[in-house]
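I opened this one to look up salt bridges, helix packing and an annotated site. My entries are below.

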Amino acid sequence: MVPDGAIWIILMRVGVVLFRSITPLCIVHCILYVAGLAPIFTIWGITIPFELITFPETLFYLLVYLPRRYVLQQLEPTGTNFSDEERRDLFDTCWNSVPDMEHYIRTWFRGAEIDEVRRGDLKEWLAWGFWNESSASKVSDDVLDEFVAITERKLGRQLKEGRGLHQPIRPTIDTINIQHRPLTYYVFGVGGMDTLMFINMWRCGFQHYPVSRYFRSFPYRPLTTLCTHYSPAPDISYWYRPHNSKDRLPLLFIHGIGVGLGSYTEFFADLIKLSDKDNLGANDQVGILAIEIMPISFRITSQTLQRDEMVRQIRQLLHHHGWDKQQFVLAGHSYGTIIATYLLRDPEISPMIGPVVLVDPIAIWVHMGDIAYSFTAKVPKTASEIQLHYFACTDMGAAHAVTRRFVWTENVLWKSELKGRQFGFVLGGRDIIMNGRRCRDYILEDISDPEIQSHDVFEGGDLVRTDQMELLWFQDLNHAEAFVFREERQRLVDMVYRKQYRPFATMDSSLGLLKFLFPQIPGLANTALWHTLGQLETSSKWDLRTTLTVQVLRQMMQGGGKKPSPISKGQASTLKDPGIKGKIWVAKATVAAPKPADESLREAVFMAIDEMKEGEVQYTKPDLVDTEVEWTGFRPDAGKDEPLPDISEQEKYERLMSEPSRTSGTTLLYFHGGAYWLCAPSTHRQLTSRLAKETHGRVCSVKYRLAPQAAFPSQLIDGLMMYLSLLYPPPGSMHEAVPAKDILFSGDSAGGNIVFALLQLLLQLHRTSDNPTVLFHGKDVEVPLPAGACANSGWFDICRAMPSLTTNANFDYLPPPNHEDSMTRFPHEDIWPATPPRGDLFCDLSLLDHPLTSPLSAASWKGSPPLWLCTGQEGLTDEECFVASRAASEGVKVQFEQYEAMPHCFAMLMPFLPTGDRCLRSWGDFCRRCVEEPASVKTNGTYVYAKTGVEKAVDVAGVSTMTLEAVKKLMAEAKEKRLKGYEKEGKGMPKPAL
């Protein structure tokens, strides 16, 4: 956009007048020429043949512009036919998202004062907006009266009856404001900029794929005759940079209104330069597919494609280049964000889309009225507004796209659609098309302070980050200027580049897995040889498949010999949803957190931390946040690759609950493993489905907050809130209340830590009160104990102090601890080191041996419900044995199982083993019996031998001979080593509390 100011206003107005005068002057000259009255102009005795210019200009106006304008003005059938229920939901969603109803109505009524808008006027607009009708007479007056009444309540005032003088904006049926551009403008202006764009794109390594029909658009593109490829789509040309990187995702880019991709070449060049700087060569090139939307590129061509056809043809492009078999980053600018919305909703393309970056995202703001007002009704006053009005708003292709294709119900991107995917937004504070400040507030309004991982302030703007979203704000930028200025453009490039990280990319495909394994072949061959010769310690315990599997897992844990990846990269890889198919029901839900004034569970947690500490501790008190869960059930009649039916989440839950195989009320509150910084419910669906099958019940799998973005006690608070939400469902929950006698806590690895820390928290509440209660959603509710708690390879010691971490290393794939690498094992990035710095991803070092972070140090388990603990011959074995032994010796019913020579979480990672199957059956059976046959649950211990599967009974109270004092001493020593390692690495960083 041009700068604003008096001089620029004069220049723009004069320039527009000169442009618009060319054709009238040419017509006058032609008339005079035909009449023989045309003046003759000579320069240095040479006659200037103006008719060579005036006749083409006149013919262009009469034979091209006027017919084209007539065609574009025609009305077209548009919009979706909604059911009454869908329409009401749409109305509620829209109205609930409007922060200022008066401003909203005034905007849609061309800036009219609210007193001048009558009920009849509003009905006409509602009939267009929600019924796609041109007149309110075609819609039930009762429903319109209801909608008007709701609007008046939100306005806080009554509208006058009848009709007024002000017509609402209805882009799909209003007359399109199209203004003529001279032939000279197209040939020299658009054509010249297009040629420059061609040269710059070729220099960046792009190949052009034009449509097969050369004369499809004007001005013609002579350089396309040099192209050797053609677009597989009949109406969409594009630029393509081949992709072969295994470390980064390719980029699909969709531009906004302008001279095609001309405004974006520097952005592409900077992005490619950053890739080169990252040592990515020709054999590791990040691909870019930049689509050209010719109707909004200031050209005379066919109309903008309607939604379904646009999506179909883009699908052809993706298939042509094999992008339908991988994920890609989707980026859109301005009008391109609307097309991006089409793709996000398409059931075939949506699974291919990874992170999304939306610059000047009109799609998320299109229902507010700013966009329609700016393009169709706003009177230009500033220089940039004059530029926008003449060169964009009244261009025939662009004007048609933002009017006849303005089906706002199809174009709008609701905030609810942002969940479960990484989004990046870029907004400007001086945007003349949309209100950037209001849009920023709208995006951030539901995000609480604890959800914000970082807030980086820089001169002229800031960057806000959560685990799912980034918002880059430039206070002084106008629309599209993020691509113009070097410093701001670099911040945008950095955002896109971050989104292109493909974590654990080598595991994404068979070819990638082969690439990872190939360097390991000599080592694997050596391992196989020594195993076959019986020279390994594990030779007599494992078969060859298990031996090689553990070896590969060790290499994966060590990164295949490469330097560790950034935390955000590894974390993002495990948050990718693999999809849902097969014998499983999954119903996703978001459980609402109580308002701060309506809860006391946080204070209960903080009080327990203080009561159970043995020294000074330091932590930040997190807020409650809405928490996502997955209800999981077994679906026995589904085929192996059968997807879930296309029904609502509520209907999926109802189908899960009505499944004939679900004969038990057993409900597992499940916490996934992943060292507190990896994984999600989606990574554990195979396990939770199996547990639902074995228990004949259901599983509620919790997507708790991850470290390092959220530190202790965030996860513990999430766990307590979810337990209370099962007992006392918040308003809007899809589930009914579940009695405590039907609930068991379950988890693996770090999830097992949450389970036993949460159990210790409940026991502490019961130690301090015979009938503990907390305020939850405005009500005082009891906090009972659950029916039981289970941990598979539970991680009970964050200090990592127990001897088995090293003595069992030959049987495990988890590396032994190095207490001096508390920080340098991960590259530094925005989320790590944390702010303020701490020596552990999960908690401050002062909390390492606290019973609610490391349940191994708990003083007592007396009063606990029945426990199920399972371990292999792994690094965490001593922790499991000690907790099982101590609980059993205090009279707690404990079912303990140890599997000879088995690694960490073996039943989940190696389900082909008979011992793995036995473990899962036992787990499920214990849970079911705790609910249906609690009297049958007794303390018992079993040692299962490898290979043979022979079982031996063991005394649970005797599986560990260590005392609590000895364990605490080891933990204190490990904690001291961690502190020294932190001080060594942290250098000038603040020292944690001790």
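What follows are my notes, entry by entry.

**Entry: ground rules.** I am working on a predicted model, where local features need pLDDT of at least 70, side-chain atom pairs count only at pLDDT 80 or more, and totals for chains, interfaces and linings use all residues. Residues are numbered from 1 along each chain as its sequence is written, and side-chain values use heavy atoms, with hydrogens and water left out.

**Entry: salt bridges.** I searched the whole structure and got 60 salt bridges (a side-chain nitrogen of Lys or Arg within 4 Å of a carboxyl oxygen of Asp or Glu).

I took Lys499 with Glu470 to begin. Their side chains form a salt bridge at 3.1 Å, N to O. Lys499 sits in helix α16 (residues 486-499) and Glu470 in strand β12 (residues 469-474), so the pair ties together parts 29 residues apart in sequence. I name helices (H or I, at least four residues) and strands (E, at least two) from DSSP runs, numbered from the N terminus. Are these two partners buried or exposed? Lys499 is buried at 6% relative accessible area. Glu470 is buried too, at 7%. My cut-offs: buried is under 20% relative accessible area, exposed is over 50%, and partly exposed is in between (1.4 Å probe, protein chains only).

Next I checked Glu614 and Lys968. Their side chains meet in a salt bridge at 2.5 Å, N to O. Glu614 is in the loop between α21 (601-612) and β14 (627-634), and Lys968 is in helix α30 (residues 964-986), so this pair ties together parts 354 residues apart in sequence. Glu614 counts as exposed, with 70% relative accessibility. Lys968 is partly exposed at 24%.

Then I looked up Glu951 and Arg918. The closest N and O atoms of this salt bridge are 2.6 Å apart. Glu951 belongs to strand β24 (residues 951-954) and Arg918 to helix α29 (residues 914-932), so the pair ties together parts 33 residues apart in sequence. Glu951 is partly exposed at 46% relative accessibility, whereas Arg918 is buried at 14%.

Entry: I found a network of salt bridges linking Arg119, Lys123, Asp141, Asp145, Glu152 and Glu161. That sent me to helix α5 (residues 119-131) and helix α6 (residues 141-155). Two packed helices are described by the angle between their axes and the distance between the axes. I use axes fitted as lines to C-alpha atoms, for helices over the stretch in contact, with angles from 0 to 180 degrees between N-to-C directions.

The axes of α5 and α6 come within 10 Å and cross at roughly 110°. The two helices are therefore roughly perpendicular. My angle classes: under 35 degrees is roughly parallel, over 145 roughly antiparallel, 65 to 115 roughly perpendicular, and the rest oblique. I listed the residues in contact (heavy atoms within 4.5 Å). From α5 they are Arg119, Leu122, Lys123, Leu126, Ala127 and Trp131; from α6 they are Asp141, Val143, Leu144, Asp145, Phe147, Val148, Thr151 and Glu152. By class, this contact has eight nonpolar, one polar and five charged residues. I count Ala, Val, Leu, Ile, Met, Phe, Trp, Tyr, Cys and Pro as nonpolar, Asp, Glu, Lys and Arg as charged, and the others, Gly among them, as polar.

I also checked α6 against helix α4 (residues 101-108). These two pack at about 125° with axes 8 Å apart, so they are oblique to each other. Met101, Glu102 and Ile105 of α4 meet Thr151, Lys154 and Leu155 of α6. I got three nonpolar, one polar and two charged residues here.

Entry: Which residue does UniProt list for "active site"? The unreviewed entry gives Ser749. Such annotations may be inferred rather than shown by experiment; positions are in the numbering used here, and feature names are shortened. I located Ser749 in the loop between β17 (743-748) and α25 (750-768). Ser749 is buried, at 11% relative accessibility. Not counting residues up to four places away in sequence, Ser749 touches Gly673, Asn792, Ser793, Gly794, Trp795, His904 and Cys905.

**Entry: Ser746.** I then looked at Ser746 in strand β17. Ser746 is buried at 0% relative accessible area. Its contacts, leaving aside neighbours within four places in sequence, include Leu668, Tyr670, Cys790 and Trp923.
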